[in-house]
Every structure is written in C-alpha cells, then in structure tokens.
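Q: Could we go through this structure together, asking at each step how a value leads to a name?

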Amino acid sequence: MTFANLVRSDLSEGLRSTRGRVALLAVGGGCLSFLQLLFTMAIDYWDPPFTFGEAIVAAMGGMSVFDPDHEVAFRFPAGWMLMLMLVAYIPLSYPYRDLMGYGREVLVASGSRWSWWLSKCLWVTLVALLGCALLVVACAIVSLLWGGEPSLLVPDGFLECAGLGSELAGPYDLRPFVLVFPLMVVAVCLLQLALSLALGPTLAFASTSVILLASAYLFHPLLPGEYLMIARLDLSIPNGMSLRSGAIYALVIAAASVLVGGLHFSRMDCIDKELSI
C-alpha cells in the first residue's frame, strides 16, 4: 500500500469517525464567542456591532497574566480551555484505535512503519487545522450576526471591557495571531499524538489538559498555551509573548513530536499493545 493510499484511507475513516466532534466544535465556538460578547455588553456597556477581531477575542482571548502576589483571584478561562481541549480531543482516539484494529493490517500491507506514522501525523495536522478553521468561521458568523465588519483590528479599550486587561494602546492587529494560532494548535496535537503511543490516549489527553492549565496559571515562554491567548501576547502587554518566537517554537515542537514519536513507533511492539482509551 502506497503512502498516498494510506493518507486517503485515514482521511476517509478518520473524518467519518470524528464528524460529530467536528460539528460540536463549530457550534461550541460560535456559542462561546456569542455569549462572551453578550457578557461584555451587559457588564462593560460595549455596544455592538462587533468586528470579526472582537469576536475572535471573545472566543480566544484567554486571560490576563495571573499574579498571586497581588491577591487577585484566579479567573479560570473556562471557555478558552474548553475550546482548545475540544480541538485536541477531535483527533485523539482515531490513530490509536486504528492501530489496535484494522490499522494493523494496513500497517503490514504498507510495509513501512514510518509511512503509517507519517500518514497519521498528516491526518492529525489536517484535522487540527480544520478545527482552527471552524473556530474562525464560527467567530466570523457571530460577527456578521452582530452586524460587524470583517476586520481583524480590535479597537482600543475592547480588551479591558472583555475582562482581559491591556497595558498597551490599541488598535490591536490580530492578523499575526490568526496565522500563529493554528501552528501552535497543530504542534500541541502532534505532541499529544506522540504521547498517546507511550501513555495511551487518556493520559495523553490529560497531559494536554495539564499543559493548558499550567499555561493559564503561570506565565512562561515554554508553555505552548501562552501563545494561544491574545491577552498574553506582546501586542497587548509589555514583555508579552512574541508571535514570531511562538511560530518557531511551534515548528520545533511539531518536528520533535514527529521524529521522537516515529522513532518510538518503529520500535514499539504493536502486537502486545492493548487498547486503553
């Protein structure tokens, strides 16, 4: 079986098994953005229309840097984390389930473990990008419902009204964020894929959740979630996370995950491996 046939098989079977999760993400992303904009209107009197960029902030703004020394309560970014966990959950189980089932026959037919592994990495990458695209489309639809413009410029003052805080004057250009966001999401999903080979899907997903939670509570450039929160970037706060550094870091994580995961898989005993999800 050629690599192209492996990819076609994964696209067909994988998307069929995850279509329900994909639909849930699209609906959930739109609802999150819509409800957060309602909250901003009710609490901070920021009147519509809301631009495309403001809808993205509502869904993916995250939270401002937490400083326990200032005795400020930790505001857990539940909506932000829920959306990212759902994106990570979509491609979680298919590669491992495939390996424990029909995928073993495909693996033998392909004659190459690396081909099978790279096909799964490509599938996870495409599904993660699809999840990010659905979130962006959901935010665009929400913006249109509010009568907003398709602009990624966020006016000065909106971050404060959204409860995110900002120490730099606007407007804020979200175009770099929209480009780097999917790169880091792909990197996190590939890292999760590599971990699932060694730990199983359940512990791999738990590891992803811990990384995101630590990113919210702490403020460190080695935590991938920092680059997925608009409130933590250098466009909104001094000494914030650089999106250029975030893009490079995402590529490093992705490349290391593919390489280390592939090396582990090439030596893994697939026969005695048990299904544990």
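Q: What makes the lining of the largest cavity nonpolar, polar or charged by class?

A: This is a predicted model, in which local features need pLDDT of at least 70 and side-chain atom pairs count only at pLDDT 80 or more, while totals for chains, interfaces and linings use all residues. Residues are numbered from 1 along each chain as its sequence is written, and side-chain values use heavy atoms, with hydrogens and water left out. Ala, Val, Leu, Ile, Met, Phe, Trp, Tyr, Cys and Pro count as nonpolar, Asp, Glu, Lys and Arg as charged, and the others, Gly among them, as polar, so the lining has 7 nonpolar, 1 polar and no charged residues. The lining residues include Leu-84, Val-185 and Thr-208.

Q: Why is this space called a cavity?

A: On a 1 Å grid over the protein atoms alone, a cavity is a set of points where a 1.4 Å probe fits but cannot get out, and lining residues have an atom within 4 Å of a point. The search finds 2 cavities of 30 Å³ or more, and about 50 Å³ of space lies in the largest cavity. The largest share of its lining, 3 residues, comes from α3, where helices are DSSP runs (H or I, at least four residues) numbered from the N terminus.

Q: Which residues does Val-185 touch?

A: Contact means heavy atoms within 4.5 Å, and, not counting residues up to four places away in sequence, Val-185 touches Leu-84, Val-87, Ala-128, Cys-132 and Leu-228.

Key. On a 1 Å grid over the protein atoms alone, a cavity is a set of points where a 1.4 Å probe fits but cannot get out, and a pocket is an open set with protein on both sides within 12 Å along at least five of seven lines; lining residues have an atom within 4 Å of a point. Grid points are joined across faces, edges and corners, and a volume is the space filled by probe spheres set on the points. Helices (H or I, at least four residues) and strands (E, at least two) are DSSP runs, numbered from the N terminus.
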